[in-house]
Each structure stands twice: as structure tokens, then as C-alpha cells.
Amino acid sequence: MSLRSKDLISIKDISTEEIELILETAAGFKDVLGRDIKKVPALRGKTTVNLFYEPSTRTRTSFEVAAKRLSTDVINITTSTSSVVKGETLLDTARTVLALGADIVVIRHSCSGTSHFLAKNIEASVVNAGDGTNEHPTQALLDLFTIQEKKGRIRDLEVAIVGDILHSRVAKSDIYALTRLGANVRLIGPPTLVPDYLKDLGAKVYFDMNAGLEGADVIMMLRIQLERQGKGFFPSTHEYFRNWGLTAARVSRAKDDAIIMHPGPMNRGIEIASEVADSSRSVILDQVTNGIAVRMAVLYLVSGVKA
Ligand code: CP
């Protein structure tokens, strides 16, 4: 089996079978990453371009490591130091990287829909590394991989996603992916940050943190995205932590073996207490490590599809 598209833009666009294929392929690559020589020649001769219009630590580095482990050449373009600051359009920048020989373009942009636009307009494979408040599909895939690894399954798990769901592309991709694979998704946060329409996607909404965490198998915390919030969605970060911050006392509402996740970067003391982020229940760094195997799988599978 292979993917149907040369691009990975959205979890909504791919089938359950394609999600499972990516996770199975990632499991094979995770084995490779455990070897002394953590590299395979699968994409030797190909070129991957990381085109990041927004800051990133985990995603950009993870795609770079993944591409290198697959033996592709990697070019990193950070737009703050590129000709974008001189007014070059996205399409002209993309055409330029194609002329330089790009086979795969990994793009992060603050505007929703950017990766879709690019995929329609260039022949190279396009992978969405986060577009505005829309989707972050590889984050959801690495989250699925980590849950599967730690809990042995996804179906019928109670997964609580907590915080700034309104602005979170991670939450959207995770809701699509988790409900598709049979998890029960709970969304927890203040009414200003948990839009009602998300109920239509099959998630339950809780405005009471303790009630939402009761009996959860997985607690997935989200970063408060102050840079995307044009107005006050809550009175202060201090108040936010008091009502929605994950503390050890709140974790005790979940199952005894519940795991704690966060896509990063974390705001310690705002959405999560350090005692929780650094606890034995936290799988936050496992998410980062698993991201490499999952992104290797995505790069490998999209590059096998002809335009
Ligand atoms: N999870 C995530 O997208 O992190 P970065 O912003 O560091 O890439």
C-alpha cells in the first residue's frame, strides 16, 4: 500500500488506512533509530527543503534529522534571513527552491491554507509543518504513535485535550486523528477558547477541568498561544493557571497510569506545572523522539507518490 497523494496537508485528507500505514512505517524507522548506524539510503539523491515562515524548534529540527536519516540533502530556509523580507511572494520562493532541485518542501506558515496552496502549484511533494490555526498533521501522527507505544492501543482510550483549542492547529489535527482511530476525545478549557462547533467532530466539551480529567487515560496539554490572541480570552495568565493549569492534584483525577503529553513549547507555570511536566508520567520528550521516526515515514511515503 502507498499514500494516494504526493503531499501531506491535512489529517482530514487522508484515510484511516493511510494513517495506519504511516504509523507502521514509522515503527520500522524507530527500529533504525535504535541502531548504531541510524541512517538508511532510502531517499539518497533527493533534496528536502524546510521552508519555515514561523519560529520552530521541534518540528524544523525533527524534519531535518528525519531527512538526514533517510540520506536526503537538506536545505533550511528561515524566512527572516531570506529574500522574503525583501517582498518575495511565497510562490516565487517555492519556485526558486524547485529550481534549486527540491523534491520535498516542508512548510510552516502563519496563514491557514498555505501548504494546500503550495501543493496545488508545485510539482514537488509538500508537507504541512503547521498552517495558521488550521492543522499540524505530523504532530498528530507523532502523538498517535506515542499513545500507541505507551498505552498499546488508541481505540476506546479517554483522551483529554486541555487549553487553547480555538487557536491550536495541533488540537484540530489530533481531534481528527484520534476520533478516526476510535478514541473518546474530551476538550477542556474556558468557553472563550473551546468553540462549540468542535462538538460536531465527535468530541465532548468540558468547562470544568476536574470533571473533564476524571478517569482520563491521556492528558494532552496545549500551549496558550498569546501570539494568535488578538484580545483577552482570560483575565490573566495567573488566573488561567489557577483554573486550567495542570497540577499534580489535577492529574490525580485521571487514571493512575495516565500519561501526560504536550506538543511544546511549554509555558511552565501557565498551562502546566513543572512538577507535572518533569514527572515520570510525562511522555513529552518521547513525543519529540518519536517525531523523527514519524517524519521519516511521512517523507519516505510522500516521495514515493508521483505528481
Ligand atoms: N510542536 C511544535 O510544533 O513545536 P515547534 O513550534 O517547536 O516546532
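Predicted model: local features only at pLDDT ≥ 70, side-chain atom pairs only at ≥ 80, totals over all residues.
In strand 8, Met220 is the bridge partner of Ile161. Residues are numbered from 1 along each chain as its sequence is written, and side-chain values use heavy atoms, with hydrogens and water left out.

Strand 5 (residues 158-162) and strand 8 (residues 218-221) run in the parallel sense and pair over four bridges. Helices (H or I, at least four residues) and strands (E, at least two) are DSSP runs, numbered from the N terminus, and two strands pair if DSSP finds at least two bridges between them. Strands of a sheet pair through backbone hydrogen bonds, either parallel or antiparallel. The open sheet here has five strands in the order 7-6-5-8-9, with parallel pairing. Strand 7 (204-206) and strand 9 (259-261) are at its edges with a single partner strand each, so one side of each is left without a neighbour in the sheet. From one strand to the next, the twist averages 20 degrees. Helix 6 (residues 169-180) packs on this sheet and touches strand 5, strand 6 (184-188) and strand 8, where contact means heavy atoms within 4.5 Å. The direction of helix 6 makes about 170 degrees with that of strand 5; axes are lines fitted to C-alpha atoms, for helices over the stretch in contact, and angles run from 0 to 180 degrees between N-to-C directions.

An open sheet of four strands, also with parallel pairing, has the order 2-1-3-4. Its edges are strand 2 (73-78) and strand 4 (125-131); each has a single partner strand, so one side of each is left without a neighbour in the sheet. Here the twist averages 15 degrees from one strand to the next. Strand 1 (residues 47-52) and strand 3 (residues 104-109) pair in the parallel sense over five bridges, and Leu51 stands opposite Ile107 in strand 3.

The protein is divided into domain 1 (11-136 + 288-302) and domain 2 (137-284), with bounds that come from an automatic or database domain assignment. Their C-alpha centres lie 25 Å apart, and the contact takes 33 residues from domain 1 and 26 residues from domain 2.

Helix packing comes next. Helix 1 (residues 16-33) packs against helix 11 (residues 284-303) at an angle of about 120 degrees, with the axes 8 Å apart. That angle makes helix 1 oblique to helix 11, because angles under 35 degrees count as roughly parallel, over 145 as roughly antiparallel, 65 to 115 as roughly perpendicular and the rest as oblique. The residues of this contact divide into 13 nonpolar, two polar and one charged. In this grouping, Ala, Val, Leu, Ile, Met, Phe, Trp, Tyr, Cys and Pro count as nonpolar, Asp, Glu, Lys and Arg as charged, and the others, Gly among them, as polar. Helix 5 (residues 137-151) packs with helix 11 at about 115 degrees, and their axes are 8 Å apart. That contact divides into five nonpolar, six polar and five charged residues.

Two backbone details complete the picture. Most residues other than glycine have a negative phi, and most peptide bonds are trans. Ser71, in the loop between helix 2 (58-69) and strand 2, has a positive phi of about 70 degrees although it is not a glycine. A cis peptide bond with omega of about -10 degrees joins Gly264 and Pro265, and Pro265 is in the loop between strand 9 and helix 10 (274-277).
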